[in-house]
Each structure stands twice: as structure tokens, then as C-alpha cells.
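Dear colleague,

Here is the structure for your files. My notes follow below it.

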Amino acid sequence: MMKGLKKWRLFGLLAALTAFLAGCGEEQISILQPAGQVAEDQYDLLLLSTGVMVFVILVVTIIYVLAIVKFRRKKVGDDFMPEQVEGSQRLEFLWTAIPIAIVLFLAVPTVAITYQLEDVDDMGVLDAEGTPASLTVDVTAKLYWWEFAYPDLGIYTAQELVVPADETVYFNLTAADVKHSFWVPSIGGKVDANVDGVNTFYLTFDEESADLEDGVFYGKCAELCGPSHALMDFKVKVLSEVEFNAWVAAMQESTGDVAEAGELAEAGQDLFEESCIACHAVSGAQTTGGIAPNLATFGDRNRIAGFLPHSEENLIKWISEPQEYKPGNLMPDPGSLPGRDGEGFTEEELNALAAYLFSLTVEEEQD
């Protein structure tokens, strides 16, 4: 009975481990499939540490097995007395020196790469034409969404970070409310976003994201920040230099006006400007002061609220019951919005709002 129970426990453990490792295989979110130099360096450290650990385990296991086999009582007899090594200076030196050597072997490359990855001296450096040689993005983490500002380009977006491939991108990272942590597993390790200071770091994006399953890398908040911490997701779209420059130009010209998108979208725009514009911006060239996400690229996004599939049906559910889908977020219920007098949106109004928001796109303008 006990043996059967242990087997089932072992089976459950192996099944859980298999499921976990299977999740690590998705290239848009896997630290085991690095897609940037920073992630490559950290992955190499991971392999080095794992290799050393496995080597130590193998050596100890071999010694243990040899000791069991060589000194079996059946083989050496009941009167056998092993050699007494108490006070042996040679052994004391070995079991002191070997751990120190292992620690130094791991510490030297770890410290060197850590300092290398913290080097942001080139951040803000101007080229011969007087323009910043590298892209800088100001990241602000909030309950429960992400704002991305491009100070040198004068544009703002949210929930979806857009960057060029094969370039170093520098980040200024802060939090507006509580501690968060910025993490794009395929691109680099996590960095905390604090309310009382700015953390600076850089990432490199070696490949475009268009060929990924969803066309984006996945980003997460890696710090327990509240009831919807697990849903505080964002996406990273990596474009070629030409596509990125076109995206920047389209963002700078975006106005949020969808007059050519049809009557339903126009009705949605009127309703949005009446009830929602106080918190949300719809132009990539402006911000609302950080109250709520900028929606200039809403029609181009991969998810609703960072995690729901990007469909009008899910958008309507999200607008109608925001607390149901992401508890603790700061988006008000429809009835409390200006001019609603406690009444939620009708089905017709929700359809109009969805048509308007899905019409907010800058990527179609590039085409």
C-alpha cells in the first residue's frame, strides 16, 4: 500500500515537473531560449552554475556508491576498522579548499557579467548629428498596467512596448504606487520598479518578433504587487529599424479621430469623449498624466487588459465588469462614469465603444 502511494506521489511530481518544463519551451516567454545578448549572458551563467552543481552531485554520488560497495560488511568482515582520519590536515585542507574554489569559479564570471549588464554609461549619449545614439524608454509600472514613454521621440504607449531589433535599448524604471518588477524572460532578467527611485538598465533584442506564435514577446510583473499581480502582463513587439521608424512617425501623427471608420465607430468616439477621455489618451503624442493606459494603439494590440484575447467580445466584458476580470484595478464601473447617473452602458453603446477602440490603430496607417 505504502509503496503504491509513493509511486503515485512520484508520478505526480514528475507530471508537474514535465508540465513546468513544457511551459519553459515557448520561445516568446522562455529563459531557456534567449533572444537577446543580455539573456544570452544570463543563460550562459545558468548553464555554468547548473554544470558545476551537476558535477558536484556526480562526484559525491560516485564517492558514496564506492564507499558502500567497497566497505560492505559482507566484504570486509565484522572486525574491520576503517582508517581513522581525525585531525588529518590533508583532508581538512581539501574539504576547505574545494568549496572555496567552486565559489570563486562561479563568483568571478557572475560578478563580471553583473557589472557589465549594469553599465549604462552610453545612455543618452548624442551622435555626431546631436541626436541620441540609442533609444531610451521610461517605464512606469502601475496597478495593474505598464506605461512606456519615449522621451526623445515625444510619444507614449501602454501595455505593448515597441522597440527596434539589433539595437541596445536603455530603460528608466519606476513604479507609481507599489513595488513592481519588470521582466521579459526571453530578453533578460527582471529588474525592480520602485516608487522611491529610478533603476536604469539596458536590453538588446536580437530578433524581430513577427515570427513568434503571437507576434510578440511576453512580459510579466515579477513582484507580488496585489490581487491581480498574476494578470499584470505586457507584450513586446520587436520591429525592423524601418518598421520602427514608421511606427514612431505614425504615433506622432495619431489623433484618435476615426471619422472614416463608419457610423458605429463615430458613435463610439462621441461616447468615449463623453465618458472616458478624462482618464485615457487616444493620441500617441500625449499622455493623460498617468491615470489610465494610453489607447492610441488599442486596435494593434495583442491582448485586452494585458491578458484577455484581443476580441470585441472580451473588450465588452472588460468594460462592463473590470473588477470581475482584474480585481483591484483602478478602472471604475461604467455606472460611476461622468454622465452615466449610475447606469451602465447599453448593448448598443458597448458595441459602439468596441468599434471605436478597435479602430484606434497606427499600424494600418503604415500599410
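**Notes on the model**

Q269 sits in helix α6 (residues 263-275); helices (H or I, at least four residues) and strands (E, at least two) are DSSP runs, numbered from the N terminus. This is a predicted model, in which local features need pLDDT of at least 70, side-chain atom pairs count only at pLDDT 80 or more, and totals for chains, interfaces and linings use all residues. Residues are numbered from 1 along each chain as its sequence is written, and side-chain values use heavy atoms, with hydrogens and water left out.

With a relative accessible area of 10%, Q269 is buried (buried means under 20% relative accessible area, exposed over 50%, partly exposed in between; 1.4 Å probe, protein chains only). Neighbours within four places in sequence aside, Q269 is in contact with G256, D257, V258, A259 and Y356, where contact means heavy atoms within 4.5 Å.

M81 lies in the loop between α3 (73-76) and α4 (89-117). M81 counts as exposed, at 61% relative accessibility. Its C-alpha atom is separated by 77 Å from that of D300, which is 219 residues away along the chain.

In helix α7 (residues 312-320), the buried residues are N314, L315, I316, W318 and I319. Their cover includes β11 (303-304), β12 (308-309), α8 (322-325) and α9 (347-358).

The largest nonpolar core has 49 residues, and Y150, F182 and W247 touch the most other members. A nonpolar core here is a set of buried Ala, Val, Leu, Ile, Met, Phe, Trp, Tyr and Cys residues joined through side-chain atoms within 4.5 Å. Not counting residues up to four places away in sequence, F182 touches residues including W146, F148, L161, F201 and F234. Another core, of 24 residues, lies apart from that one; A265, F345, L353 and A355 are among its members.

As for the whole chain, the protein has 10 helices and 12 strands. Its radius of gyration is 28 Å, well over the 21 Å that the globule rule gives for 367 residues, so the chain is more spread out than a compact globule. That radius is taken over C-alpha atoms, and the rule is 2.2 Å times the number of residues to the power 0.38. The C-alpha trace spans about 100 × 65 × 40 Å along its principal axes. Buried residues make up 37% of the 367 residues. Of the contacts with a separation of 6 or more, 64% are between residues 24 or more positions apart.

Regards
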